[in-house]
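Hi,

Here is the structure I promised to pass on. Have a look at it first, and my notes on what turned up follow below.

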Amino acid sequence: SDEAMANRIARTRQYRPALPYPWKALKLTLERMGWDVRILLVHRPLYDYFPSVYIEQYKDGPNKRRLRQWFGGGEHCPSQGGREVPLPFRSDTDEITIARLLEQHQTLFPTPAQVYELSQSHGFTATVVDMTGKFPATRSVPDGKDLDFIQHIVCNELPGTVHACKTLLIQANVIDIRERSDEDAGTHLNNSTPTQLNPSLSLNYDFVAVDACQSGLINGTKVGRDVARRAIRERQERDLQLSATDFPLICPDEITTEKILVASLEHERRIRKGSWSLDIESGHNHSFWKTAVAKKKLCIVDSQKVLEDDGWVEFMTSKLQ
């Protein structure tokens, strides 16, 4: 995967850091094959990237059995060998948290700037695409319609992708289906689905489930961690029509928030190099406060306050016992 490759290149803890990446051998091999290689790096602001990396580590998935098991032990919350999810701003841990990722020269997970600089230092051409940017169409698209970053990469950055670009844009309803060639129409007519990015996830439901189990509101001997987590999410989102950020929250203090902004700005300067300007800095600042802070992306649920709510107490003691 691209993440595995980035970790291998940056020699993080997860991917045999003592083993140097064979840059020279790779470059010579590709040149002998006649390849003109360009490394394409898709990045987003660090203030958005770090929370995403953190959530990715601890969200449930097919190979994450321990995140479906309880831990800690107790009368109602059995010790099943489950994995505890560290709080995002916890620094006294060897696991990935936002606090640890903010440390200078951390070796837990690579940043886009790190991979970009390593690629260039070994003689490769690297192109950076900001996944949060707006991309005007340059070919095969009617005037006035912007592309998302995936469409931009396929249509504008990669050479020789005219047909792939057209198919992608038709699927996303960017261009009219009548613009298909006759050859394309029969193949793709009934396979037109919009491009879908990874859905936004939250660990808040897991934090509430674990604290409720350990406090005895959920009977973990009968209800699994994943079942409890899903039930809490369904009540919050389906029954109450609320989101994970509508819980009572604990947000980082002013010093930590400023530290995240400073780190994000420095990372953006490294990525953009000669194109950096005061206008870009101002836009980055504005986006930080508008998207990361105002939308509470850096906050976590205050589980104790949730468990003091009569509605949640009644739900858990009647449904999750």
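Salt bridges join Asp60, Arg68, Asp206, Arg225 and Arg229 into a network; a salt bridge here is a side-chain nitrogen of Lys or Arg within 4 Å of a carboxyl oxygen of Asp or Glu. Before going further: this is a predicted model, where local features need pLDDT of at least 70, side-chain atom pairs count only at pLDDT 80 or more, and totals for chains, interfaces and linings use all residues. Residues are numbered from 1 along each chain as its sequence is written, and side-chain values use heavy atoms, with hydrogens and water left out.

In one of its links, Asp60 bridges to Arg229, with the closest N and O atoms 3.1 Å apart. This pair connects distant parts of the chain, as Asp60 sits in the loop between H3 and H4 while Arg229 belongs to helix H10, 169 residues apart. (Helices, H or I of at least four residues, and strands, E of at least two, are DSSP runs numbered from the N terminus.) Asp60 is partly exposed at 36% relative accessible area, whereas Arg229 is buried at 14%. For those words, buried means under 20% relative accessible area, exposed over 50% and partly exposed in between, using a 1.4 Å probe and protein chains only.

The whole structure has 19 salt bridges. Another one is between Lys297 and Asp48, at 3.5 Å from N to O. It also links distant parts of the chain: Lys297 is in the loop between H12 and S6, Asp48 is in helix H3, and 249 residues separate them. Lys297 is partly exposed, at 44%, and Asp48 is buried, at 17%. Then there is Asp92 with Arg90, at 3.0 Å from N to O; Asp92 counts as exposed at 59% and Arg90 as partly exposed at 34%.

Now the cysteines. There are three disulfides, taking a disulfide as a pair of cysteine sulfur atoms within 2.5 Å. If you number the bonded cysteines in sequence order, the pairing reads 1-4, 2-3, 5-6.

- Cys77 and Cys213 have their sulfur atoms 2.2 Å apart. The torsion about the S-S bond is about 120 degrees, so the disulfide is right-handed. Cys77 is buried at 2%, and Cys213 is buried at 1%.
- Cys155 and Cys165 have their sulfur atoms 2.1 Å apart. The link is right-handed, with 100 degrees about the S-S bond. It runs from helix H6 (149-157) to helix H7 (162-171), so it ties together parts ten residues apart in sequence. Cys155 is buried at 0%, and Cys165 is buried at 0%.
- Cys251 and Cys299 have their sulfur atoms 2.0 Å apart. This link is right-handed too, at 105 degrees. Cys251 is partly exposed at 42%, while Cys299 is buried at 14%.

On to the inside. The largest nonpolar core has 49 residues, and those with the most contacts within it are Trp70, Ile218, Ile232 and Met316. Such a core is a set of buried Ala, Val, Leu, Ile, Met, Phe, Trp, Tyr and Cys residues joined through side-chain atoms within 4.5 Å. Among the elements that each supply at least two residues are helices H3, H9, H10 and H14, plus strand S6. A second, separate core has 13 residues, including Ile9, Leu30, Tyr116 and Ala126.

What does Ile218 touch, leaving aside its neighbours within four places in sequence? Its contacts (heavy atoms within 4.5 Å) include Trp70, Cys213, Ile232 and Met316.

Last, the rings. Nine aromatic pairs turn up; rings of Phe, Tyr and Trp (its six-membered ring) pair if their centres lie within 6.5 Å, and planes under 30 degrees apart count as stacked, over 60 as edge-to-face and the rest as tilted. Trp23 and Phe124 make a tilted pair, 5.6 Å centre to centre with 55 degrees between the planes. Both Trp23 and Phe124 are buried. Elsewhere, Tyr205, Phe247, Trp312 and Phe315 form one aromatic cluster.

Cheers
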